[in-house]
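Me: I have just opened this model and would like a guided look. Please pick out one part and go through it slowly.

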Amino acid sequence: MAANLAQEDRWIPTTCGVCYSVCALQVHRVNGTVVKIEGNPDSATNRGRLCPRGVSGIMTLYDPNRVNVPLKRTNPEKGLNTDPGWVQITWEEALDTIAARLSKIRREDPRKLLLTGTVTTQDEVPFAKIFAMTFGTPNGWNSGAGNHCGTAEHLFGALLHASWSKLPDPDHCRYLLNFGTGTGSGSYYCVTGMAQRIAEARVRGMKHVAIDPFLGPGAEKADEWIPIRPGTDGAFALAMLNVLLNELSIYDGDYLKHHTNAPYLIGDDGLYIRDAKQQLPLIWDPVDAGEKPFSDPTIKDFALEGEYRVNGLRARPAFTILREHLKPFTPEWAEPITTVPAATIRRIANEFGQEARIGSTIVLEGKVLPYRPVAVMYFKGAQGHKNALLSSMALELLTEVVGASNVPGGLLGMNSCSLGYPETGQLKWTPKADRDGLMVTGRWPNPSPPYPPREVKGAETIDLRGMIPTCPGSSGALPVVMADPERFKVPYKIEMNLHVGSNYVMTFANPKAIEEAFRNVFQVSFALFLDESTYLSDIVLPAASYLERLSHTADWISSNSPVGEWCYHVRQPVVGQIAERRSACDVLLELVERLGMREEFYNFVNLMLEVKAPYTLETDSRYSWEEIVDRRYKSLFGAERGLEWFKEHGLVKWPKKAEEVYWKPFSHTRVPLYFEWFKPLGEKVRAMSEKLGIELDTSAFQPLPEWRPCLSYKENSRDHSLYAIYYKIPMQTFSGTYNNPWLDEVSKIDRFAYGVAINTETARQRGIREGDWIEIKSSPTGNTIRGQAALTEGIHPEVVAIAGCGGHWSKYLSVANQDGKGLCFEWLMPVGLDNVDIPSLTQDQCVRVTVSKARAQP
Amino acid sequence: MGRQGRLTLRVSMHNHNGMPFAPFLTIGKESLMQVEVRFYGFVRDVVDTSPLALQMPDCCTLRNLVDLLVQRYGEKLHERLYTNAGELEANVRVFVEDAQAGSLEELLGDGQKSSAEVKVFVLSATAGG
Amino acid sequence: MRYGMVIDLKRCIGCTGCSVVCKAENATPPGVLWLRVIKHESGKYPQVRRISIPLQCMHCAEPPCLEVCPTGATFQHPNGIVDIDADKCVGCRYCMMACPYDQRFFNAEMRYYFQEHPTPFEQVGYQRHQEGVVSKCNFCLPRLEKGLEPACVANCMTKARTFGDLDNPLSEISKLVRDRGGYQLYPELGTNPSIYYLPA
């Protein structure tokens, strides 16, 4: 063994960028080579530990498949399997070409520019958003909105939790009802931190009930696994609500009266009854026997029940309407839909209701707070359906009716309320009440949160979001509208795609449909690899990975764990520049100069990055990316804590207060139990769609949840008798990690990671044995994918489950593109408006398939 | 037009090329201030020039100014900036001399200043999560 | 002093973080995976349980591998760690046949993860490995010498692993074994592993 006298031996604090958890790292570099990545023990986010993906980053840093130089295509023909004929060009030529195109589009119509991003680059994509905003386009999406992201779930995050996402209180929750998420098991938000915290809760004795078609990473850790037919979680939740409210009479009356619109009087038209003078929603005070505006200081009590008359009209509290509305949704009704026995649904409702301990309190930091140690989690799986809005609504109401929302033990928004960094008061946000008393979120990753909703605009965007303000982020309708803007009366076509770090061809839905929508667009890609999406690119720019670039980071409101401490980190390069790779932020700044956009861009940067005097960017200077990061840090954390300080210390943290974590009892805001404004909004959307001559099914804009089967449920074919679902595993993030050979090595020895989970009996009926190659053919798309059968008792007999987004075919991914490296689920998913939940623009992701043994068994 | 209802205002407007527009209201007596309006963001497809130089009485409110801009640029700008109830959309931020305006009823000037710089930002949500 | 480890299967989520961090810490080449996670399923639909079980060298007090090693390459430290002197190993692999846990690995031919493109990491890290010899978990001895815990222990997301002195009845791991019913794998073989599992 050679003796190595190290001249350099450094540990560099930075952050991981493999997924959106943004864990903090200490990276060990010896003589210029990165030899180890560890969790930063100082960070409150991941507390010194990492998931396998975080550890594996070294092999992505040094992967020889990485794009190292700018490239342009020489083959004018574009196709999923058509080699672009890449030739190397200089950065100068690349930027000249890009700037010329952008200039032309900006002159003609800036709306023709689309920004395609991803959630895993939590620094470059937000900066690219600022670029796109300045440029003047409203068009952008994160491609995972098809198959990997929550959409309706984030909408309700805004409406009910003042946050993008939510987690169970790991310190105090006693009963976790988990509809299909992997929280604590290697996916969802704050992966590493929550894995530790949920493990503590498990050891502490928290009961975990997992409702999931597959015994996957999440359900494996549950105390009870309840298999369910895909897409029917909403029916289960409706039945539970019915049992709680109408059979057991378990609900938190106090919470409902003071923190929701449950007491608001609703007329027969389904709308609030408002007082004539101030137009405020009315409630009924049973003590004074009269109606009063909800905020009237003389109110002695709020009626939740009953029927009253106001100005001669029938007036009922929203709670009464909800209770009545729920009556048909019995466990017996839900059983054939979900395949969950009625007795089980009833038992779970009872357990949940009992464990909610309504009326009990706990003392934290000297404050007496409601103690409701139950939480209902759901994410992509349960809400990724045509019934997204109404199913998510039912699931959320479970938490609300027992008052377990943002109180100790319950479901906590990440991160709803921040009192700010103590030394500067920056990074402060609090939910506020609007005129109707309803909660408006204090911070949102997009310029307008879903509530109060923007006006319905016609044909403003290339994805229906302008018309449907309840879509919280990326739209599942984007490829549909892009493929046929005339049908949707959009007066322009997308001509250029600024594509930052996403593999949208693989991660949205049917790649063939995506190819058709994007084929004729000039695409500029910042790419780590020549992945499948770059087959549609015109120019590829060599991207610096997260280990090679600088950023302020972890601003994503869902990176911070919901409890413990606030923690903001730096991301800094751990190696010098490799080849010609550059950070997108750097490149965008150069494009800004070339486009003469400096004055406008700096104004937006000051606004969006919260840069304050005396650090604001002035137009007569030109700033590097380092300088901008430095100024943002100083604006937020003070003159002493600029970039240099962060590079040395890695992070700043301070303890969370009880009123930040458990903000609901301290807040005068109310959240909807009854989504009164959905219906009139739906009517506006319908009116606009009719005016434009577009067919849109707006019937799901309802104030109360109901059951609507998704398309796969309604399909009743003997051929396509199984459902295919996708799920996340801790060894892979979407499609981006499949070329990492360490992750490949551990995936290879897990039969589920690269295979297809299928019920033992279901397999036997088809003559399929363990390890057999099988074919899964999609009913809606007709595409077939293949993988090896992993037989298990731990899956619903009607379901096959595919992990992650494997099945790469790009010839430039030497590890990932081999046979047997997972399946690309998205081939099974159709693109079309029929598959989209119109109110939230969520893409449906369960499909009917045929499964058979492949004729050729290698 | 104008805060006082019956009082009408004369404004002289020039576009970026210095071409004057015909005044469309009669003269008021307040002192005039130079107002420079700059537009940023998702509004470039509606507004054909930025910055725009105006002269307005210093008793004008921001609402007066924005209404004037809407008159200049048409219904499309109205749709881009306003809710149906006549308030600014949540993604529109107006800054007067680097301070964000809290309400459209704020006065443009304070009687002392002879000029004001107004920035109208129209933010767009170009990607979600 | 006898080093040992407790793995809490209730905490473990089968994420394979330990498996990958072992590879990163020890720069093991392709095909040499000193630590792996297997899954064990039991029951019939819908009453099914699947648990994750991390496996590595058990550092047995009575190591069968040591007995069969013809060259003395496999030896045991006073602290209980079973180790291999690669210079003495001739690659006969008797030890691999003898190990009932199948946790010894033969590096037949030094390869790189990207075939003809050795990464800088591998160029540095593979200097610690030889071709044609057997290797395995060594409880991260170089880390222990620096006062650090084994990499798998330090990195585990759920804090499922605890490391310490089995000879000390008051050590954390001794207490865990006692209080939570820690058990060894294949205890009937008399190997007396120093790795204990806590029930899922």
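Which chains have the most contacts among the two pairs of chains that touch? Then take me closely through the contact of helix 4 of chain A with helix 18 of chain A.

Reply: The most contacts are between chains A and C, among the two pairs of chains that touch; contact means heavy atoms within 4.5 Å. Chain B and chain C are not joined by any contact. Their closest C-alpha atoms lie 24 Å apart.

This is a predicted model: local features need pLDDT of at least 70, side-chain atom pairs count only at pLDDT 80 or more, and totals for chains, interfaces and linings use all residues. Residues are numbered from 1 along each chain as its sequence is written, chains are lettered from A and ligands numbered from 1 in the order in which they are written, and side-chain values use heavy atoms, with hydrogens and water left out. The predictor gives the complex an ipTM of 0.98 and a pTM of 0.95. Chain C has an average pLDDT of 97, with 100% of its residues scoring at least 70; pLDDT is the predictor's confidence in each residue, from 0 to 100.

Now the helix pair. Helix 4 of chain A covers residues 124–135, and helix 18 of chain A covers residues 584–594. Helices (H or I, at least four residues) and strands (E, at least two) are DSSP runs, numbered from the N terminus. The two axes come within 9 Å and cross at roughly 15°. That makes helix 4 of chain A roughly parallel to helix 18 of chain A, a term for angles under 35 degrees. Axes here are lines fitted to C-alpha atoms, for helices over the stretch in contact, and angles run from 0 to 180 degrees between N-to-C directions.

The crossing of helix 4 and helix 18 of chain A is left-handed: the near helix is turned anticlockwise from the far one by less than a right angle. Helix 4 of chain A brings A:Glu124, A:Phe127, A:Ala128 and A:Phe131 to the contact. From helix 18 of chain A come A:Ala584, A:Cys585, A:Leu588, A:Leu589, A:Leu591 and A:Val592. By class, this contact has nine nonpolar, no polar and one charged residues. Ala, Val, Leu, Ile, Met, Phe, Trp, Tyr, Cys and Pro count as nonpolar, Asp, Glu, Lys and Arg as charged, and the others, Gly among them, as polar.

Another pair in chain A is worth a look. Helix 8 (residues 233–247) and helix 14 (residues 388–401) of chain A have axes that come within 8 Å and cross at roughly 30°. Their crossing is left-handed. The classes are 11 nonpolar, two polar and one charged.

Some loops complete the tour. A:Pro84 sits between strand 4 (71–73) and strand 5 (86–88) of chain A. A:Pro84 is buried, with 0% relative accessibility; buried means under 20% relative accessible area, exposed over 50%, partly exposed in between (1.4 Å probe, protein chains only). A:Thr534 and A:Tyr535 are among its contacts beyond four places in sequence. A:Cys190 has a positive phi of about 50°, although it is not a glycine, and it is buried at 0%. C:Tyr186 also has a positive phi of about 50°, but C:Tyr186 is partly exposed at 44%. A cis peptide bond joins A:Met414 and A:Asn415, with omega about -5°. Another joins A:Ala613 and A:Pro614, with omega about 5°.

Notes: Parallel < 35°, antiparallel > 145°, perpendicular 65-115°, else oblique.
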